[in-house]
Amino acid sequence: FGPAYNINDAVDPSCAGDAFMGGLAVALAKGMDLKDATKYGNLIGGLSTRKQGAMPSLPSLQEVENYLYR
């Protein structure tokens, strides 16, 4: 699947699994193949570890795009 995303500022992994599954589902619904959808889910899960708490940690689409296109 390629290299992992480097999330250096992780603080709370409590919602990472849920965020991964949500990202995977969104990517599959958008028509991505399983490999790319898994990579997208991994990114969402990783980004969710950057904030404290479960719901507040879920990244917005803007946060995801900022990470991808920085």
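Is S57 buried or exposed? S57 counts as buried, because its relative accessibility is 1%; here buried means under 20% relative accessible area, exposed over 50%, and partly exposed in between, with a 1.4 Å probe and protein chains only. The close-ups below come from a predicted model, in which local features need pLDDT of at least 70 and side-chain atom pairs count only at pLDDT 80 or more, while totals for chains, interfaces and linings use all residues. Residues are numbered from 1 along each chain as its sequence is written, and side-chain values use heavy atoms, with hydrogens and water left out.

**View 1. S57 in the loop between α2 and α3.** Helices here are DSSP runs of H or I with at least four residues, strands are runs of E with at least two, and both are numbered from the N terminus. Look for the side chain of S57 reaching the backbone oxygen of G53 at 3.0 Å. This is a polar contact, meaning a pair of N or O atoms within 3.5 Å; within protein, one must be able to donate a hydrogen and the other to accept it, and residues adjacent in sequence count only if both atoms are side-chain atoms. Setting aside residues up to four places away in sequence, S57 touches C15, L47, S48 and K51, where contact means heavy atoms within 4.5 Å.

View 2. D12 sits in the segment before α1 and counts as buried, with 11% relative accessibility. Beyond residues up to four places away in sequence, D12 touches S48, T49, K51, Q52 and G53. For a sense of scale, D12 and A37 are 25 residues apart in sequence and 23 Å apart in space, C-alpha to C-alpha.

**View 3. The largest nonpolar core, with 11 residues.** A nonpolar core is a set of buried Ala, Val, Leu, Ile, Met, Phe, Trp, Tyr and Cys residues joined through side-chain atoms within 4.5 Å. The members to find are I7, A19, L24, A27, A37, Y40, L43, I44, L47, V64 and Y67. Two or more residues come from each of α1, α2 (34-47) and α3 (61-68), and α2 gives the most, with 5 residues. Zoom in on L47: apart from neighbours within four places in sequence, L47 is in contact with I7, S57, P59, E63, V64 and Y67.

**View 4. The 2 salt bridges of the structure.** Side chains of opposite charge can pair when their charged atoms come close. A salt bridge is a side-chain nitrogen of Lys or Arg within 4 Å of a carboxyl oxygen of Asp or Glu. R50 is partly exposed at 36% relative accessibility, and D9 is partly exposed at 39%. K51 and E63 also meet in a salt bridge, at 2.8 Å from N to O. K51 lies in the loop between α2 and α3 and E63 in helix α3, so this pair ties together parts 12 residues apart in sequence.
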